[in-house]
Amino acid sequence: MIELRTPTQVEQMRPAGRFVAEVITALSQAADVGVNLLELDALAHRMIRERGAESCYIDYHPSFGASPFGKVLCTSVNDAVLHGLPRDYVLRDGDLLSVDFAASVDGWVSDSALSLVVGTPRPEDLELIEVTGRALAAGIGAARADNRVGDISHAIAEVGRAAGLKINTQFGGHGVGRTMHGDPHIPNDGRPGRGFKLKPGLVIAIEPWFLHTTDQIFTDADGWTLRSQDGSRGAHMEHTIAVTEGEPIVLTAR
Ligand code: MG
């Protein structure tokens, strides 16, 4: 079911968006060569406790998950692109890291993700991150009242295709509200003018993710982490936004 929020409710969702943005910023500053992924999870967990927020991940146990997630953060490194379960791994020079974080504040959820390189970057990784960021911006730009979900999907995919990337439509954006995952699903490719008509008060996460040379992924032995079939690296960028009568509000803006 697709739910619309009143302007008052959208205002009530701002603290969650600000908090998630603060955590993503803190993680991006803390991530460096020599830092363990478990330290990043601990940092996010500490910030949750200090803020009195609630993790959307720690008890998350969907039908495809082997067991409850048990951490508060997704950390996907190199050929891992989504749902990376934090593990005892020390970041190395040139690693491409994606962090994905969602939490609830005052009963409202926000969800955001960011990719970065620690240490000396490969130029092609910086380019992949840049393209993914532009796809996110294009998707947000299409999130206007009277456009349709397919317009967001198409805007994202156009940026990816122009860069020669293949696009997976299995995992994408979603409605956000009292819980992390609601309707509608926002695939990262689609036909313009098709799908649910966007209305003021629709709050959604838009989240393009791309791999260098494939759109095929598989689940790691940990039961969560999604890796590229061919070992190529991935990037993932996400914001939670509210559709309005005018410009969309980026609730997780940093
Ligand atoms: Mg997310």
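Q: Are F19 and F101 buried or exposed?

A: This is a predicted model, where local features need pLDDT of at least 70, side-chain atom pairs count only at pLDDT 80 or more, and totals for chains, interfaces and linings use all residues. Residues are numbered from 1 along each chain as its sequence is written, and side-chain values use heavy atoms, leaving out hydrogens and water. Buried means under 20% relative accessible area, exposed over 50%, and partly exposed in between, with a 1.4 Å probe and protein chains only. Here, both F19 and F101 are buried.

Q: How many aromatic pairs does a search of the whole structure find?

A: Rings of Phe, Tyr and Trp (its six-membered ring) pair if their centres lie within 6.5 Å, and planes under 30 degrees apart count as stacked, over 60 as edge-to-face and the rest as tilted. The search of the whole structure finds four such pairs. One of them joins F19 and F101 in an edge-to-face arrangement, 6.1 Å centre to centre with 65° between the planes.

Q: Which aromatic pair is tilted, with 40° between the planes?

A: That pair is formed by Y60 and W224, whose centres are 6.3 Å apart. Y60 is partly exposed, with a relative accessible area of 23%, whereas W224 is buried, at 4%.

Q: Which residues do ring pairs link into a cluster?

A: The cluster consists of Y57, Y60, F69 and W224.
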